[in-house]
Amino acid sequence: MLNCKDITKKANGYLDKELPYFTRLQVKLHLLVCVHCQRYINQLRATIRALGKLKKDTSVSGQVIDDIVNTLKHARQNLDKPEK
Ligand SMILES: [Zn+2]
């Protein structure tokens with residue numbers, strides 16, 4: 001069974017539908033029983049959706065969107081670092 005930390009690591013792959021079938025099933029099982037990860041996945045999904053809308057908005061420069069994406073990637077990499 002995956003734990004919450006595993007879910008944060010696999011969240012992007014899950015939302016991008018890039019996980020192998022069995023791993024995807026494990027994530028789904030965890031989401032059935034864990035409200036915290038449900039919230040996390042929903043927030044991530046909302047962020048991806050919002051970024052998609054920003055890309056369509058021509059008044060927002062591509063550089064601003066790239067900065068947001070890089071900030072989120074950096075935050076995610078920090079999540080993946082082992083705890084001290
Ligand atoms: Zn969880």
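Let's start with a pair of helices in this predicted model: helix α1 (residues 4-15) packs with helix α3 (residues 35-56) at an angle of about 30°, and their axes lie 10 Å apart. Since angles under 35 degrees count as roughly parallel, α1 is therefore roughly parallel to α3. The crossing of these two helices, α1 and α3, is right-handed.

Which residues of α1 and α3 make the contact? From α1 come Cys4, Ile7, Thr8, Ala11 and Leu15, while α3 supplies His36, Cys37, Tyr40, Ile41, Leu44, Arg45 and Ile48. Sorted by class, the contact of α1 with α3 has nine nonpolar residues, two polar ones and one charged one.

Now turn to the other partner of α1. With helix α2 (residues 21-33), α1 packs at an angle of about 120°, and the axes are 11 Å apart. An angle of 65 to 115 degrees would count as roughly perpendicular and one over 145 as roughly antiparallel, so α1 is oblique to α2. Here α1 passes α2 in a left-handed crossing. On the α1 side the contact is made by Ile7, Lys10 and Tyr14, and on the α2 side by Thr23, Arg24, Val27 and His30. By class, this contact of α1 with α2 has three nonpolar, two polar and two charged residues.

Leaving aside residues up to four places away in sequence, Ile7 touches Leu2, Val27, His30 and Cys37.

The largest nonpolar core has five residues, namely Ile7, Ala11, Tyr14, Val27 and Cys37. Which helix gives the most to this core? That is α1, with three residues.

Finally, step back to the whole chain. There are four helices and zero strands, and from the N terminus on the elements run α-α-α-α. The C-alpha trace spans about 45 × 30 × 25 Å along its principal axes. Of the 84 residues in the chain, 6% are buried. Among the contacts in the chain with a separation of 6 or more, 47% are accounted for by residues 24 or more positions apart.

Notes. Residues are numbered from 1 along each chain as its sequence is written. This is a predicted model: local features need pLDDT of at least 70, side-chain atom pairs count only at pLDDT 80 or more; totals for chains, interfaces and linings use all residues. Axes are lines fitted to C-alpha atoms, for helices over the stretch in contact, and angles run from 0 to 180 degrees between N-to-C directions. A crossing is left-handed if the near helix is turned anticlockwise from the far one by less than a right angle, and right-handed if clockwise. Two residues are in contact if their C-beta atoms, placed from the backbone, lie within 7 Å. Ala, Val, Leu, Ile, Met, Phe, Trp, Tyr, Cys and Pro count as nonpolar, Asp, Glu, Lys and Arg as charged, and the others, Gly among them, as polar. A nonpolar core is a set of buried Ala, Val, Leu, Ile, Met, Phe, Trp, Tyr and Cys residues joined through C-beta atoms within 7 Å. A residue is buried if 20 or more other C-beta atoms lie within 10 Å of its own, exposed if 12 or fewer, and partly exposed in between; C-beta atoms are placed from the backbone.
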